Amino acid sequence: MHRDDVWNLIEEARRTGADPNERLRVLCDRLSTLPLPEIVGFQVGLDEVRRPLDTWVAWAAAARIMGGFCSDDGFWYFQPWVIGLGRDAYERVVADPDALADLPEVRRLAGRPFESWSDAEWPQWEELAYAAAEAYEARTGREDGLEDALDALDIDLPAVPNPPGDSLTDTARARLLPKLHTLFP
């Protein structure tokens, strides 16, 4: 599946509204109508889209938004959340993770305690990572069908973040993310 096709499906789901559960349902329903190789292609394409977000600067941005801490899992689920914001937002964030401070979805969180964030607002969308597997299972009835199909193609997708290079110092984070440091002091 071409990268543009992945984005078209994500944008189609995004048009259904802000609720991530509804967007996921729409995406899974749409994926489950596709031929099996295209469902596999969506998963591979989603991983390709995720890779440019797998940087220490993006991880630092996620941590800043989430109060200074973002675990491996938290960052892994943050990446699909950014993808779920749509291609335009994604491209701005890939070019400059500090651009997150300009997004309404992030600005709404600023100055509010975490406890007041609804599930729909939380900057994580773990379920997007499983949309293709759910659609594959809906088509075949096989719970591990997507994983088996990927194995048969000798495709090993990462399951945790793995940014290249060294992590950032606190000074580097502040220098690279000035808007987020102001928005989330």
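Hi everyone, let me open with aspartate 98, which is buried, with a relative accessible area of 3%. One caution before going on: this is a predicted model.

Where does aspartate 98 sit? Its place is in the loop between α6 and α7. Leaving out residues up to four places away in sequence, aspartate 98 touches Leu176, Leu177, Pro178, Lys179 and Leu180. Take lysine 179 from that group: aspartate 98 and lysine 179 are 81 residues apart in sequence, yet their C-alpha atoms are 6.1 Å apart in space.

Leu180 brings us to the nonpolar core. The largest one has 57 residues, and those touching the most other members are Phe42, Ile65, Phe78, Ile83, Leu100, Val106 and Leu180. Which helix gives the largest share of this core? That is α4, with seven residues. Have a look at valine 106 as well: again setting aside residues up to four places away in sequence, valine 106 touches Ile65, Trp81, Leu100, Ala101, Leu180, Leu183 and Phe184.

Helix α5 runs over residues 72-84, and its 13 residues reach 19 Å from the first C-alpha to the last, close to the 18 Å expected at 1.5 Å a residue. How many of its residues are buried? Eleven of the 13, which leaves α5 mostly covered. After α5 comes glycine 86, with a positive phi near 105°.

Now for a helix pair. The axes of α8 (residues 131-140) and α9 (residues 145-152) come within 7 Å and cross at roughly 105°. The two helices are therefore roughly perpendicular to each other. Who meets whom? Ala132, Ala133 and Tyr136 in α8 meet Gly145, Leu146 and Ala149 in α9. By class, this contact has five nonpolar residues, one polar and no charged ones.

My last stop is glutamine 43, in helix α3. Is glutamine 43 buried or exposed? Glutamine 43 is buried, with a relative accessible area of 11%. Not counting residues up to four places away in sequence, glutamine 43 touches Ala129, Ala132, Leu146, Leu150 and Leu157.

Thanks, everyone!

Conventions:
Residues are numbered from 1 along each chain as its sequence is written. This is a predicted model: local features need pLDDT of at least 70, side-chain atom pairs count only at pLDDT 80 or more; totals for chains, interfaces and linings use all residues. Side-chain values use heavy atoms; hydrogens and water are left out. Helices (H or I, at least four residues) and strands (E, at least two) are DSSP runs, numbered from the N terminus. The expected span of a helix is 1.5 Å times one less than its number of residues. Buried means under 20% relative accessible area, exposed over 50%, partly exposed in between (1.4 Å probe, protein chains only). A nonpolar core is a set of buried Ala, Val, Leu, Ile, Met, Phe, Trp, Tyr and Cys residues joined through side-chain atoms within 4.5 Å. Contact means heavy atoms within 4.5 Å. Axes are lines fitted to C-alpha atoms, for helices over the stretch in contact, and angles run from 0 to 180 degrees between N-to-C directions. Angles under 35 degrees count as roughly parallel, over 145 as roughly antiparallel, 65 to 115 as roughly perpendicular and the rest as oblique. Ala, Val, Leu, Ile, Met, Phe, Trp, Tyr, Cys and Pro count as nonpolar, Asp, Glu, Lys and Arg as charged, and the others, Gly among them, as polar.
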